[in-house]
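Me: I have a few "how do you know" questions. Can we go through them one by one?

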Amino acid sequence: MCLAIPAKVTALEENDMAVVALEGVKKRISVALLDEVAVGDYVLVHVGYALHLVSPEEAARTLALMAEAGILKEELDEIAGSEA
Amino acid sequence: MLEGKVEITLGKGAGSSVRHDRTVNISPVLRGRMPAEVITRISSVYGVCANAQSHAAVLALESAMGTVADRETASARALVTAMETLRENVLRIALAWPTFSGNEPEGSSVRPVISYVSRVRQALFAGSDPFAIGAGCMPDREAALAVIDEAEALLADRIFGEPLEAWRARRGLAGLADWCALRGTAAARMVANLNEKNWIHLADAGREAVGLPEAGSVAAWPRLLAGNTGVAPFASQGGVPETTLFSRRLAEGAVESLNSSGLGARFVARLAELACLPAEMRLLLDGQGEPRAMTGSDDGRGIGMVEAARGLLIHTVTLLGGRVDTYRIVSPTDWNFDSRGIAARCLATLDGHDEADRISLAHLVVNAIDPCVAYEVRAA
């Protein structure tokens with residue numbers, strides 16, 4: 001029931017790791033739960049793991065809702081606090 | 001976080017405190033919206049348990065609108081939510097439990113679980129949204145059964161290391177110790193680790209305030225939950241009731257036979273949930289199961305209640321001219337991390353331990369109650 005935030009994959013690394021970016025913030029996450037992922041994909045990120053792919057449209061819609069609810073900045077701060 | 005953050009302070013002598021900061025009210029994002037739009041918005045914002053959230057939302061909205069789903073659709077919706085519960089608990093075990101004994105998370109070993117919810121949705125609702133207002137199921141029984149069978153096989157192989165019925169037949173600490181000795185899964189290692197440290201029975205807060213009030217009074221709940229009073233109207237001398245996998249599964253043999261409400265019983269309850277879910281999903285598919293969801297209305301308020309991955313999830317709504325006027329979500333966190341909730345009561349039992357152990361135990365208490373909640377532990 002917790003929040004997950006969409007982010008764009010900017011680099012793939014060894015050992016099922018990847019770097020995602022959102023609003024200029026970068027974070028290293030695990031993509032071990034995904035069958036396939038490519039640079040440029042949007043993924044839903046929760047506690048350091050990509051849970052599944054989302055379309056760019058769904059990512060934009062979710063980010064807009066999070067901003068409207070006043071929680072996007074807090075989520076970004078939290079991601080920045082655990083910067084890769 | 002939408003559900004706020006939990007701050008735990010471990011005091012010396014003066015006991016511990018739990019502070020749940022409810023930072024965000026979802027209501028403004030939903031006010032003035034049409035019911036169908038509410039479902040979409042909730043599903044987008046709550047990405048992790050989107051199905052349980054959408055399920056509670058549609059039950060609340062449909063009851064406020066005076067409609068009710070047919071029994072087959074209600075069962076199919078419950079099956080989708082149950083599969084999401086299975087997925088979430090598998091993930092929390094695979095990702096977190098190995099780390100408590102210094103090992104790496106085992107996410108890739110349970111990767112197939114990610115696909116189960118979308119596959120069971122497709123099998124039961126043929127690509128349409130199960131939680132749309134007025135949805136009707138179009139079940140492909142064989143396809144749904146195949147997903148459930150696959151989920152059970154994954155549980156047997158990666159979580160239990162033995163058939164689910166064999167695990168469910170285990171009784172007492174001796175039965176679980178035997179399982180730990182025979183099976184090398186992360187779950188078995190977790191229970192073995194607790195046992196080796198003699199931590200199985202720690203953090204036992206008793207069962208006085210364990211259960212929520214009877215569901216028979218559900219119609220009165222929206223009024224009790226309204227406003228800023230939170231879950232306080234439900235508190236008794238024993239504290240605020242809990243809604244966890246332990247309270248849901250305490251009658252299950254492996255849990256009940258531990259005769260304890262300590263850490264071990266709480267972690268075993270998470271396993272009991274997983275061990276029970278495939279059979280319960282088959283019953284739902286055959287029209288014999290009871291959906292773990294309730295709905296009702298009172299004085300224009302609709303209420304939807306769903307047993308989700310971490311406990312009971314409640315949505316309440318009022319409509320004005322067909323649009324949302326007020327909306328409230330009461331999550332398991334609201335009950336369990338209330339200052340008089342189960343987390344506080346468990347932590348209060350740890351006063352006699354040294355600081356390092358208390359911090360380790362506090363992390364275990366939080367994970368046993370709710371492996372998803374955002375929290376900090378501080379020693380005063």
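**The sheet and the contact side**

Reply: In chain B, 3 strands form an open sheet in the order 2-1-7, with mixed pairing. A strand is a DSSP run of E, at least two residues, and a helix a run of H or I, at least four, numbered from the N terminus. This is a predicted model: local features need pLDDT of at least 70, side-chain atom pairs count only at pLDDT 80 or more, and totals for chains, interfaces and linings use all residues. Residues are numbered from 1 along each chain as its sequence is written, while chains are lettered from A and ligands numbered from 1 in the order in which they are written.

Me: Why do strand 2 and strand 7 of chain B stand at the edges?

Reply: Strand 2 (16-21) and strand 7 (375-379) of chain B each have a single partner strand, so one side of each lacks a neighbour in the sheet. The twist averages 15° from one strand to the next.

Me: What makes strand 1 and strand 7 of chain B a pair?

Reply: Two strands pair if DSSP finds at least two bridges between them. Strand 1 (residues 5-10) and strand 7 of chain B have 5 bridges, in the parallel sense. They therefore meet the cut-off. E7(B) stands opposite E376(B) in strand 7 of chain B.

Me: How many residues of chain B are in contact with chain A?

Reply: 26 residues of chain B are in contact with 22 residues of chain A. Contact means that C-beta atoms, placed from the backbone, lie within 7 Å. Helix 2 of chain B gives the most to this side, with 3 residues.

Technical notes:
Axes fitted to C-alpha atoms, helices over the stretch in contact; angles between N-to-C directions. Contact = placed C-beta atoms within 7 Å.
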